[in-house]
Number of protein chains: 2
Amino acid sequence: MRLVVVGGVAAGTKAASRARRVAPEAEITVYQEEPEPSISECGLPYFLSGMVGSRDRLVARTPDEFAEKDIEVLVRHRVESVDPGSKRLSIRNLQTGETFEDGYDRLVIATGAQAVLPPIPGADLDGVFALRFLTDADGILRHIRDRSPKKAVVVGGGYIGLEVAENLHRSGMDVSLVEAAGQLAGAYGPEVAKIIEDHLREKGVHCLFTGEAVEAFLGNGKGRVRAVRFGEREIEAEVVIAGVGVRPVVSLAHEAGAEIGKTGAIRVDRRMKTSLPDVWAAGDCVETVNLVSGEPAWSPLGDTANQMGRVAGTNAVISPGEEGALEFPGVLETSVFKVFDLAVGRTGLSGHEAERAGFEVASAGMETMSKAGYFPGAGEVFIKLICDAKSGRLLGAETAGSGADKLVDVCATALWGRLSVSDMVNMDLAYAPPFGPTLSPVIQAATVLSGSL
Amino acid sequence: MRLVVVGGVAAGTKAASRARRVAPEAEITVYQEEPEPSISECGLPYFLSGMVGSRDRLVARTPDEFAEKDIEVLVRHRVESVDPGSKRLSIRNLQTGETFEDGYDRLVIATGAQAVLPPIPGADLDGVFALRFLTDADGILRHIRDRSPKKAVVVGGGYIGLEVAENLHRSGMDVSLVEAAGQLAGAYGPEVAKIIEDHLREKGVHCLFTGEAVEAFLGNGKGRVRAVRFGEREIEAEVVIAGVGVRPVVSLAHEAGAEIGKTGAIRVDRRMKTSLPDVWAAGDCVETVNLVSGEPAWSPLGDTANQMGRVAGTNAVISPGEEGALEFPGVLETSVFKVFDLAVGRTGLSGHEAERAGFEVASAGMETMSKAGYFPGAGEVFIKLICDAKSGRLLGAETAGSGADKLVDVCATALWGRLSVSDMVNMDLAYAPPFGPTLSPVIQAATVLSGSL
């Protein structure tokens with residue numbers, strides 16, 4: 001049996017590796033455009049500041065390492081079309097420009113997502129970048145080395161923009177951040193947005209502009225960016241990084257006739273099967289379901305891609321009806337990021353999302369200590385729980401501050417177990433003074449919220 | 001209505017505070033022997049080394065602060081007997097020696113636990129201590145100040161013994177640790193015990209004796225300890241701290257006729273009601289149930305005491321049959337401790353406990369990274385999951401190393417939600433490089449374990 005995987009990184013390489021374990025006899029080829037088959041894209045912002053020092057450290061595995069497992073990885077190859085009837089692919093070798101054909105018995109599409117470059121005049125100026133691939137980071141670092149920019153503008157106040165702002169600031173630049181929405185971190189409530197803003201200012205990122213849509217990148221007359229314009233302002237910019245979003249890469253699947261979901265990503269079932277025969281898909285290019293709202297969700301994150309890749313890779317190589325098929329149930333859209341010393345996390349639905357999904361919403365937010373107050377290193381943490389006002393069922397959580405990553409994982413697990421906030425009041429979590437206050441902030445917030453219902 | 005609470009600290013003061021909120025008109029008195037009504041006993045080991053610098057910081061609230069909430073707290077008072085028929089108490093004022101009587105409508109017993117001093121010759125020598133109360137810590141610190149001991153022996157390798165060993169070592173003493181069982185941290189499997197031993201040695205606690213029962217504390221002829229004897233050995237000791245265990249303080253309840261459970265602690269129902277009319281109990285003196293095994297459990301921990309106190313205090317002041325009664329469902333016997341830089345946690349049942357409870361047990365243990373491997377500060381962490389081999393239901397977890405406190409809380413929450421290890425394979429936990437590897441160690445271990453079933 002011949003398995004072809006289109007796309008590497010998290011989902012594609014995971015699917016290939018998993019298929020190899022499940023079907024030792026299968027012939028497996030991965031085609032991908034990027035030069036490295038398996039890199040840690042989430043580490044890219046830290047590569048900019050040197051916090052992750054070496055490029056090699058981000059490369060999880062090389063083509064040679066895959067070859068040892070008898071997986072052929074062809075980098076710098078673009079799959080240009082799929083014919084699901086004849087099960088043929090047309091592929092372009094990006095180094096030579098040649099095209100050739102290949103066939104498959106089973107196909108996994110893992111074409112990922114790409115950064116959206118804002119449709120703004122001047123976006124093509126030298127010095128204006130997106131940050132999605134290692135090659136983008138290489139370009140930014142080259143620009144920094146060649147031009148020694150002192151003034152940086154980050155466009156977009158989502159988690160990538162915030163991580164980039166931190167790392168450019170660490171590199172010694174004056175950083176301004178411009179966000180079109182009314183607050184930073186639009187996936188969060190206003191309390192968390194305020195905590196992030198305060199923290200950025202405390203760390204020296206003073207120029208925060210929210211509710212400001214960039215109108216143009218202005219050049220210096222020699223094709224190089226010199227400023228960013230919005231409203232009445234022009235801010236000097238020797239380097240601009242736009243972190244305004246990503247979108248799924250679906251043209252290959254779409255042109256082959258695969259159904260596209262309402263999020264714009266490829267529709268798959270719980271087995272990661274597309275609407276095309278013998279074609280599975282996984283990772284940032286697919287649509288899944290938010291398990292709290294039941295609505296279609298697009299959740300382009302490395303851990304989710306990895307889990308989906310495992311399911312797709314397994315199912316692609318077992319015979320139909322055979323035992324051992326795996327299912328991917330959906331996501332909670334859990335995420336966490338760090339900006340300077342602040343951890344920020346969320347899981348499930350925000351208050352607004354829960355209302356939109358038709359729940360009658362109750363919520364409680366509180367600031368508390370991350371450790372026993374008398375213990376060295378105790379810090380503050382904010383936690384907000386969102387629940388269904390009728391049943392008390394937990395719908396979501398937001399956390400920010402010391403230990404926010406731990407609290408969000410506890411809440412994500414509680415959501416996974418479909419707990420109510422009253423179930424959570426007596427949860428038996430681990431306590432010792434170096435690790436938390438006597439009662440976990442999760443329990444404290446659940447107690448307040450369940451008491452208010 | 002008059003509510004009397006016997007005992008302060010976590011459960012008693014929580015019950016009183018909660019009763020005040022639920023029943024603003026109730027008359028509430030707390031009697032307790034210790035001079036401080038609400039102290040953080042879990043912080044005591046850190047007080048020995050000065051890591052928690054000030055005694056006041058451990059005192060959560062003073063009698064005056066309770067008085068402001070109209071709760072009378074009488075410290076240095078011992079309740080010597082309860083007559084549940086007449087609802088009368090006999091109380092001794094420990095400062096004056098006088099006894100007097102009081103009556104109650106509702107009673108909450110929160111008499112706590114006491115340290116077991118080993119029945120070993122010489123246990124009464126000057127310089128031999130247990131560590132349970134703030135007054136014990138005061139005595140130890142006085143001894144350290146007066147005698148400047150350089151050689152310390154800690155008897156008992158459970159979490160209190162380990163925390164004390166760390167803090168005496170931090171104070172500059174040569175510390176030996178003697179444990180009668182064959183391994184340190186008997187509540188854990190051998191893998192975690194080995195990790196703890198290695199860490200202690202790495203930190204300079206070289207004299208670890210396991211499988212050695214102390215036979216005698218030897219004096220210097222002037223009533224002061226000079227050595228500890230076991231087997232063929234005599235180890236020099238200018239101070240000895242015995243952390244060999246605690247037991248519930250139940251004589252008051254027992255003599256009043258309350259049923260005692262098979263763990264030796266007071267039997268209560270889910271509403272924390274004892275077998276006596278109008279008498280509730282909470283905290284370290286009561287028996288609860290282990291929710292995984294269904295067996296009676298005694299779990300003397302500050303967070304559990306606090307949760308139980310809330311339930312007992314609420315139920316004690318509402319009228320029978322009235323809405324608003326709370327329930328305490330039981331525990332997972334979750335715990336965590338720190339020894340030097342190592343975090344160690346557990347929840348649910350260990351492999352042995354699960355076998356004893358009648359499960360057919362499967363388990364998987366693994367060492368993995370606590371963060372993305374390329375991220376600064378990434379450390380190793382061990383995780384072991386224990387499940388029912390037939391259903392895959394999670395039964396317990398042990399963790400040790402970087403981020404072990406987070407992982408054990410995720411596992412405790414999964415146990416609370418009665419998840420199986422296959423449910424846990426696709427859990428949507430939060431990932432970003434500063435906070436974990438792409439897939440949480442919990443998910444990695446669940447994937448291995450569910451794959452082995």
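What you have open is a predicted model, in which local features need pLDDT of at least 70 and side-chain atom pairs count only at pLDDT 80 or more, while totals for chains, interfaces and linings use all residues. Residues are numbered from 1 along each chain as its sequence is written, and chains are lettered from A and ligands numbered from 1 in the order in which they are written.

Strands (E, at least two residues) and helices (H or I, at least four) are DSSP runs, numbered from the N terminus. Two strands pair if DSSP finds at least two bridges between them.

For one facing pair, click on B:Gly219, which stands opposite B:Val225 in strand 16 of chain B.

Now show all of chain A. Its secondary structure comes to 13 helices and 28 strands. Its radius of gyration, taken over C-alpha atoms, is 23 Å, close to the 22 Å that the globule rule (2.2 Å times the number of residues to the power 0.38) gives for 453 residues, so chain A is as compact as a globular protein of that length. Along the principal axes, the C-alpha atoms of chain A fill a box of roughly 65 × 60 × 40 Å. Buried residues (20 or more other C-beta atoms within 10 Å of their own, with C-beta atoms placed from the backbone) make up 55% of the chain.

For a look inside, select A:Ala281. A:Ala281 and B:Ala281 have the most contacts inside the largest nonpolar core, which has 317 residues. Such a core is a set of buried Ala, Val, Leu, Ile, Met, Phe, Trp, Tyr and Cys residues joined through C-beta atoms within 7 Å. Beyond its neighbours within four places in sequence, A:Ala281 is in contact (C-beta atoms, placed from the backbone, within 7 Å) with residues including A:Val108, A:Ile266 and A:Ala312.

Last stop: the place where the chains meet. Here 54 residues of chain B are in contact with 54 residues of chain A. Select helix 11 of chain B, which gives the largest share of chain B's side, nine residues.

Key:
Contact = placed C-beta atoms within 7 Å. Buried ≥ 20, exposed ≤ 12 C-beta atoms within 10 Å, placed from the backbone.
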